[in-house]
Amino acid sequence: MKFIDVTLQLLDGFGTTCLLFALTLVFALPLGLLICFGSMTKFKPLRYLTRAFVWIIRGTPLMLQLFVVFYVPGMLFDNPIFSQFANGRFVAALVAFVINYACYFSEIYRGGIESISKGQYEACAVLGMTKGQTFFHVVLPQVVKRIVPPMSNEIITLVKDTSLARVIAVIDIVFAAETILSLKALIWPLFYAGAFYLIFNGLLTLLFGFIEKKLSYYKV
Amino acid sequence: MKRKILAIVLVLVLTVSCIAVFAACSKDQTDAEYILGKKTLVCGITLYEPMNYFNEDGDLIGFDTEFAEAVAEKLGVEAKFQVIKWSSKEIELNSKYIDCIWNGFTVNDERKQNIEFTQSYLNNSQCVVVKAANLSAYTSAAYCEGKKAAVETGSAGETAADETLKATIVPCAAQTNALTEVMSGSADFAVVDVILANSMVGKGDYAGLAVATSVALEPEEYAIGFRKGSDMAEKVNGAIKELLADGTLQTIAEKYGVAGQLIK
Amino acid sequence: MAILEVKGIKKSFGSTNVLKGIDFSLEKGEVIAIIGSSGSGKTTLLRCLNFLEFADEGTISVNGEVLYDGVAESSAKKKLKNDDKRLRKQRLHFGLVFQNFNLFPHKSVMGNLMLAPVLQAKSELSFMERWRFEKSDAYAAIREKALATLKRVGLIEKKDSYPCELSGGQQQRVAIARALVMNPDILCFDEPTSALDPELTGEVLKVIRELKDSSTTMIVVTHEMEFARDVADKVIYMADGVIEEAGTPEEVFGSPKSERTKAFLASRKNAAAIQEDKPE
């Protein structure tokens, strides 16, 4: 098997990896904010429910969550819901990743929001701003700056975590490399796959460095 | 207090509605009715030669591939192939994402308790794979005792290495990983399917390996696994008998070089 | 008619009675200085006026209109605390300058001044109009006003700087300007110089003096006795949640009647003596 063939096959899997990564971010970033509000609400039942949920998701392995999302509907209720989709395995993985990462993001948001001083809220209040205006024009912009470092950490972890989707047979780049291994008895594509992650994360690191620099026009 | 009650009610409503949504589609029917009804037989496979693999044009071929297609045709359904993780095969089966495990699946007593097997169709055995340089030392099963054996977790090879050879187990995620362990020197030998070994050992990165034919292990058989209690196994048995009688299965076996192991 | 009328304000946190019945009134253009040791309740009083805290009892009236009535409030269906719209409207009668400025660090000086007025103007517009708001006359007017106010506090050359690039004194002047652009009836200061190095207090006090000269109605909670004496029309000395003594600066500083006032003023004098380099 030639280098170019291996590259093409790995690229195929890498497409899935990138798609899973991108869609997880697209859905988990706003969902995380929603969960964050839930875990900070004054309405106690909702707050406890949300915090218990976050505890469960953060307290169990993502791999098990993939299993639960994908297999449990079929096993307990005789209804393999993801078989309705052409790429149901990918959808199941996406659901599990979005839930898992939204919970992690929600805690980062919460830390960021709680780090904003009471004085900022009071300054907005005496200037007659609404709660929405206060949050979106004063709190959130400052939260964004504070959470860039922990977020970039989590997002880089996500890139590598996507390879867990192969436990429910989503054909990502590692799965593709493993297949080459079992079909062609070639080991090196597995390490070659690592280079894809390395380059991708290298680009992300540059991007986050750029964002941090962009946001350094003010200090708190 | 009011809020506590509200919270409990909220949880209950959520749980009940979830169950209702999931359970809505379940019906009372036998497995064969279910499979024949949807007109597809989804076979759980992993990719390996000569059972299920892609040719140069990217088409899925192999002995099990063509065999399954032939059986499906007889039963009036379409054979579909779903690549799975071998370690998840039972959960895939029970959650109904696949209808059967059709991928060189070794029959044994433990598996029989949870899986409905069809009649066996191929003879197989486990074999010991070592570095070619060490081949001469492996003259008998006794030599393997206490050495490090790389095996796929949950495979027939693990049972053989543990009970027959009395080796120390090095667990691996796949049979090919077991071969890699031997290559890297972290295990002394691997115990894998002879059919797999014959198609991989001596090739590519496994060029430095060899099958220790002097170490004899119990023979075993391949069959197709259905959900426990499924009436589909019986229907497939009927189709296999027809395919044996008209020579179709013999032709497929010859094409993939396993005619010698075919059970008639 | 008094611009501000405060009657019988009481406030407690748990079992601690912080305010035990405060009455005072303020005429338009007047400056009241509130002095007193820490824990006397003067900051809480200011926060009650700005509705950052809600008094348990008592009334607050501005221009004869009762904005807040603690007793009526306790039985009201929708409390002011939860009525965002009413609350915002009432808060705008007052401006508040904080001890630690509380500027928005991510906004430039002009951004700090313009944020609230721009949002307020936008909230009355349709979606499409909001989109084009920055080209409208209303926006230009807000900008003009912000620039003029910035000129008043002498920071026009810093209009594009960020708070982190300014000294403490400059930051507090920006905070004053930010409160001024909202046109409050009464501007409140909560120890505006306490967080500043001594050499920076002068510039802030100068700005407050100039505001008095242009007839801004102000309530200043302060530790600067000399400043209170100079600038205030009335001085209130608070102790233990009550007004211990009130009057003109001459009355309170020159011939205090209460023993507690005397003791407090004496202790401040000693403190001032140690701290020789008073500005101005």
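B:K96 lies over the face of B:Y34, 4.0 Å from the ring centre. A charge counts as sitting over a ring if NZ of Lys or CZ of Arg is within 6 Å of the ring centre and within 35 degrees of the ring normal. In chain A, the charged end of A:K145 sits over the ring of A:Y218, at 4.6 Å from its centre. The model is predicted: local features need pLDDT of at least 70, side-chain atom pairs count only at pLDDT 80 or more, and totals for chains, interfaces and linings use all residues. Residues are numbered from 1 along each chain as its sequence is written, chains are lettered from A in the order in which they are written, and side-chain values use heavy atoms, without hydrogens and water.

Over all chains, the structure holds 35 aromatic pairs. Rings of Phe, Tyr and Trp (its six-membered ring) pair if their centres lie within 6.5 Å; planes under 30 degrees apart count as stacked, over 60 as edge-to-face and the rest as tilted. A:F3 and A:W188 are stacked, because their ring centres are 6.0 Å apart and their planes stand at 15°. A:F3 lies in helix α1 (residues 3-40) of chain A and A:W188 in helix α8 (residues 188-214) of chain A, so the pair ties together parts 185 residues apart in sequence. Helices (H or I, at least four residues) and strands (E, at least two) are DSSP runs, numbered from the N terminus. A:F3 is exposed, at 53% relative accessible area. A:W188 is partly exposed, at 30%. Buried means under 20% relative accessible area, exposed over 50%, and partly exposed in between (1.4 Å probe, protein chains only). Ring pairs join A:F3 and A:W188 with A:F14, A:F21, A:Y192, A:F196 and A:F200 in a cluster.

Chain A also meets chain C. The contact (heavy atoms within 4.5 Å) takes 22 residues from chain A and 24 residues from chain C. Together the two chains bury about 2,100 Å², 65% of it on carbon and sulfur atoms. Buried area is the accessible area (1.4 Å probe) that two parts lose on being put together, summed over both. In chain A, A:V126, A:L127 and A:Y217 lose the most area to chain C, together 30% of what that side buries. The interface has 1 salt bridge, defined as a side-chain nitrogen of Lys or Arg within 4 Å of a carboxyl oxygen of Asp or Glu. A:E122 and C:R47 meet in a salt bridge through their side chains (2.5 Å, N to O).
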